[in-house]
Amino acid sequence: MAEALLTMAGMAVYAGAALLALSQPAHWQASGGKDAPNRRQRLRLRSVGACLYAVAGVALFARDEIGFASLLCLLMAIAGTFATALTLALRPRLLTSLRGIAGSGMFNPSSTHRRSDTR
Amino acid sequence: MRTDFRDAMHRLHTGVGVTLGGLLLVIFWMGTLSVFDREIDRWMMPETRLSAPHATLSSFDNTVLPHVQHLAAPGTSWRVSLASARTPFHTLRYTDADGASVRRHIDPLRGELLDGPHTAGASGFFFPFHFSLHLGTAGYWIAGLAGMAMLVLIVSGVLIHRRLLADFFTFRPSRALPRASLDAHNLTGVIALPFHFMITLSGLVIFFAIYFPATWHGAYAETAAHPQQTFNLEAFGSWSRPAAHESVGNVASVDAMIAEARRLWGGPPADQVRGWHAGDAAGYIAVRRSFANEVRRNVDVVFFDAANGERLYRHTASTVVKVQRFLAGLHFLQFDHWPLRWLYFAAGLAGCVMIGSGLLFWLAARRRQSRANRAGLHVVTAIAVTTTSGLMNATLAFLVANKVLPVTLDGRAGTEMQVFFIAWAVMFAHALWRGARAWREQCALVAGLAIGAATLNWGMTGQHPIAALQSDMPAIAGVDLMLLALGFSAAAVTRRLSRNGAADG
């Protein structure tokens with residue numbers, strides 16, 4: 001159980017950091033997206049990213065007592081962010097599938113193109 | 001933010017970083033290695049590669065006390081760190097009849113003294129290097145100064161960063177050296193900033209009584225005859241009583257003392273037993289509570305009369321001290337939590353990369369300036385090489401010496417340390433001679449020494465990583481695998497430096 005919670009938290013912080021990174025135009029484009037995410041997409045990426053950080057926090061506090069859990073939250077957030085930065089530096093296309101979470105960007109005139117590009 | 005303020009912070013960051021970067025890198029490197037000091041100890045001391053002890057330790061009275069009574073000189077103090085999952089042996093420290101401090105290991109199951117140790121190990125060399133630089137009191141102050149400088153660097157580094165959020169995830173290793181090294185510096189500095197701040201601040205808080213003696217002196221100077229002793233008693237439970245200078249033959253059951261202490265604490269195990277005035281009628285024994293299962297490095301300790309086992313004094317920390325001990329626990333990392341241990345190690349390495357890449361960026365940027373002082377640049381390059389690849393080579397030379405020096409050599413532990421410092425001095429001379437080419441040559445040496453050290457361990461003990469894992473020795477396998485990872489990484493860096501000649505500028 002402890003290992004499962006830790007693994008889940010690790011995956012959540014990595015995915016959360018990746019979504020936050022994809023909300024920035026440079027990383028969105030590096031992962032294969034065209035133009036930049038519109039306001040709605042940025043909001044969705046950041047909201048889901050923040051939620052994943054929260055999920056990781058809940059998993060870690062469920063796993064350990066408060067002292068260890070606080071330290072784990074801090075250090076796993078750092079590790080997840082660092083792993084995302086390395087992914088963007090070396091294999092940014094690995095994050096392509098995560099761009100789908102941003103949705104179609106309904107109010108963006110170019111959203112149709114973006115949607116077809118990301119799939 | 002006003003440009004002139006940012007420029008001032010930039011000059012401060014650069015000045016402090018270039019001046020103290022090398023020292024900070026040494027402190028960070030030694031601290032990072034100390035995260036796994038017990039594991040490196042076992043790698044360096046093959047005689048201690050015992051199986052993990054049972055959950056319940058054998059009787060202290062039967063396995064340890066006879067050795068204490070036999071070895072510790074009358075009237076002296078002794079200390080036994082009890083076996084645990086990380087250290088499956090008891091460690092006895094005592095003063096012998098010649099007045100020398102001695103360290104011996106005891107098999108907790110059979111109660112036999114183990115051979116050696118023939119080395120100071122990581123816990124006796126890397127760990128004190130981290131906070132005292134092996135320079136005594138002066139070293140504490142130098143390390144403290146470096147810690148303060150680190151805080152200045154962290155704050156000024158944030159203030160001068162123009163695109164903190166925009167560049168948050170940015171790392172472009174394929175770009176030219178100044179850009180790539182600045183990205184690495186910013187990435188490790190910004191992402192791991194909370195860790196760097198926490199670890200630096202907690203390091204300073206541990207030694208607050210040295211760096212800021214007014215804290216206790218001001219509180220106790222007028223109310224106590226001996227301010228420091230009174231403070232140490234009230235804060236940390238440093239209870240004591242003078243010797244009676246009257247010998248007694250027997251020692252009460254230490255097992256009973258440990259059991260009584262555990263009852264008072266509500267169950268947690270003890271991790272250390274310490275005695276004062278061995279064999280004296282006023283001798284006393286302290287049992288300290290383990291901090292394996294909590295972040296806080298508690299100071300719960302119970303004192304007993306050595307002769308009759310009567311409880312003399314029980315200490316529990318006050319609230320303020322508990323806060324200090326929590327911060328100390330954050331830094332000391334003595335708890336048993338493997339995910340956190342690995343994350344601390346990774347974050348420590350990130351700190352080393354941050355400092356090293358900062359120095360590298362400064363050098364690369366300076367090299368591009370035609371008006372740069374070439375002689376000064378040459379010296380700073382040599383210092384940067386010595387405190388990065390040179391420091392790694394000195395560390396690896398220490399580990400290789402541990403494997404090749406004969407066990408029968410007198411003063412072997414001291415010789416290993418001398419090898420470290422001689423190797424480091426040679427690396428500095430080499431860097432002065434070869435200039436920027438030393439990066440590549442010393443990286444190649446790191447690769448050779450790291451792979452060589454792992455191979456020597458296999459050759460001398462028969463335990464390659466797979467055999468170590470099969471023998472339930474993950475500590476040995478872990479150290480070997482880290483050495484191999486370092487070796488192959490250094491080889492890759494050497495290959496890249498040779499290919500593009502980037503370091504030859």
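**View 1. Strands β2 and β3 of chain B in the predicted model.** In this predicted model, strand β2 of chain B covers residues 90-95 and pairs with β3(B) in the antiparallel sense. Six bridges join β2(B) to β3(B). Within this pair, H90(B) is found opposite I106(B), a residue of β3(B).

**View 2. The seven-stranded open sheet of chain B.** The strands of this sheet follow the order β3-β2-β1-β4-β5-β6-β7, with antiparallel pairing. β3 (101-106) and β7 (311-315) of chain B are the edge strands; each has a single partner strand, so one side of each is without a neighbour in the sheet. On average, and with direction ignored, neighbouring strands of the sheet are turned by 15° against each other.

**View 3. The hairpin of β6 and β7 in chain B.** Four bridges link β6(B) and β7(B), which pair in the antiparallel sense. F304(B) has R311(B) of β7(B) opposite it. Five residues lie between the two strands of the hairpin, and G309(B) has a positive phi near 75° there.

**View 4. Helix α12 of chain B against the sheet.** Helix α12 of chain B is made up of residues 254-265. The strands it lies across are β4 (270-276), β5 (284-289), β6 (301-305) and β7 of chain B. Relative to β5(B), helix α12 of chain B runs at about 45°.

**View 5. Helix α2 of chain B and its cover.** Residues 37-44 of chain B form helix α2, which is mostly covered, with eight of its eight residues buried. Among the buried residues are the charged-letter positions D37(B), R38(B), E39(B), D41(B) and R42(B). I40(B), W43(B) and M44(B) of α2(B) are buried as well.

**View 6. The side of chain B that touches chain A.** Here 18 residues of chain B are in contact with 19 residues of chain A. Helices α7 (177-191), α8 (193-206) and α14 (338-367) of chain B each supply at least two residues of this side of chain B. The largest share comes from α14(B), with five residues. By residue type, the side of chain B that touches chain A has 14 nonpolar residues, one polar residue and three charged residues.

**View 7. Confidence in the predicted model.** The average pLDDT of chain B is 91, and 97% of the residues score at least 70. For the complex, the predictor gives an ipTM of 0.86 and a pTM of 0.91.

Definitions and conventions: Residues are numbered from 1 along each chain as its sequence is written. Chains are lettered from A and ligands numbered from 1 in the order in which they are written. This is a predicted model: local features need pLDDT of at least 70, side-chain atom pairs count only at pLDDT 80 or more; totals for chains, interfaces and linings use all residues. Two strands pair if DSSP finds at least two bridges between them. Axes are lines fitted to C-alpha atoms, for helices over the stretch in contact, and angles run from 0 to 180 degrees between N-to-C directions. Two residues are in contact if their C-beta atoms, placed from the backbone, lie within 7 Å. A residue is buried if 20 or more other C-beta atoms lie within 10 Å of its own, exposed if 12 or fewer, and partly exposed in between; C-beta atoms are placed from the backbone. pLDDT is the predictor's confidence in each residue, from 0 to 100.
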